Amino acid sequence: MRAGAAVVAVAIVGAAGLMAYLWMSGGECGDAPVYRSVEACAAGGRTAGVCADLLRQADAALARSGPVHNTREQCEDRFVTCQRSIGATGFAPRAQGFCVRRGPPETVVPIFGPRGGG
């Protein structure tokens, strides 16, 4: 029983350390700018077409691995807009923005949060 408690304690400490690291380093985006729209991205120096593609990539990432809800209504109770998920049956949030984490390779990180949070 004590070995199990030690494993749980190590997992909790590890998760807390990761959360602290992400918070201290600026989250998953680090110091990369966060774009809340295609227009904001284009104002940052990319073409509107590239920015639209980056936003599509952010939506696709959430459809593949975002939080999944059984119905669109359940999803939209929690998030602003939702889309069909890929893989698991249900609905996942759409990106409210994105950042491009420096690489190699560069990685599109979707930004999303609960209704009213962002």
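Student: What is the pairing of the bonded cysteines of the protein, numbered in sequence order?

Tutor: The pairing is 1-6, 2-3, 4-5. Before the details, note that this is a predicted model, in which local features need pLDDT of at least 70 and side-chain atom pairs count only at pLDDT 80 or more, while totals for chains, interfaces and linings use all residues. Residues are numbered from 1 along each chain as its sequence is written, and side-chain values use heavy atoms, with hydrogens and water left out.

Student: What makes Cys29 and Cys99 a disulfide?

Tutor: A disulfide is a pair of cysteine sulfur atoms within 2.5 Å. The S to S distance of Cys29 and Cys99 is 2.0 Å, so the pair meets the definition. The structure holds three disulfides.

Student: Which parts does the pair Cys29 and Cys99 tie together?

Tutor: Helices (H or I, at least four residues) and strands (E, at least two) are DSSP runs, numbered from the N terminus. Cys29 lies in the loop between helix H1 (2–24) and strand S1 (34–35), and Cys99 in strand S4 (residues 97–101), so the parts tied together are 70 residues apart in sequence. The link of Cys29 and Cys99 is left-handed, with -90° about the S-S bond.

Student: Why is Cys29 called buried?

Tutor: Buried means under 20% relative accessible area, exposed over 50%, and partly exposed in between (1.4 Å probe, protein chains only). Cys29 has 9% relative accessibility, so Cys29 counts as buried. Cys99, with a relative accessible area of 0%, is buried too.

Student: How do you know that Cys41 and Cys51 are joined, and why is their disulfide called left-handed?

Tutor: Their S to S distance is 2.1 Å. The torsion about the S-S bond of Cys41 and Cys51 is about -75°, so the disulfide is left-handed. Cys41 lies in helix H2 (residues 38–43) and Cys51 in helix H3 (residues 48–65), so this pair ties together parts ten residues apart in sequence. Both Cys41 and Cys51 are buried.

Student: What makes Cys75 and Cys82 a disulfide, and are these residues buried or exposed?

Tutor: Their sulfur atoms are 2.0 Å apart. The link of Cys75 and Cys82 is left-handed, with -90° about the S-S bond. Cys75 is at 0% relative accessibility and so counts as buried; Cys82, at 4%, is buried as well.

Student: Why is the contact of Asp31 with Arg102 called a salt bridge?

Tutor: A salt bridge is a side-chain nitrogen of Lys or Arg within 4 Å of a carboxyl oxygen of Asp or Glu. The closest N and O atoms of Asp31 and Arg102 are 2.7 Å apart, so the pair qualifies. Asp31 is in the loop between H1 and S1 and Arg102 in the loop between S4 and strand S5 (107–111), 71 residues apart. Both Asp31 and Arg102 are exposed. By this rule the count comes to four salt bridges.

Student: What separates Arg72 and Glu76 in helix H4?

Tutor: Arg72 and Glu76 are four residues apart in helix H4 (residues 72–78), so about one helical turn separates them. They form a salt bridge, with the closest N and O atoms 3.7 Å apart. Arg72 has a relative accessible area of 31% and is therefore partly exposed; Glu76, with 28%, is also partly exposed.

Student: Why is His69 called buried, and what does His69 touch?

Tutor: His69 has 18% relative accessibility, so His69 counts as buried. The place of His69 is in the loop between H3 and H4. Contact means heavy atoms within 4.5 Å. Not counting residues up to four places away in sequence, His69 touches Gln74, Cys75, Phe79, Gly90 and Phe91.
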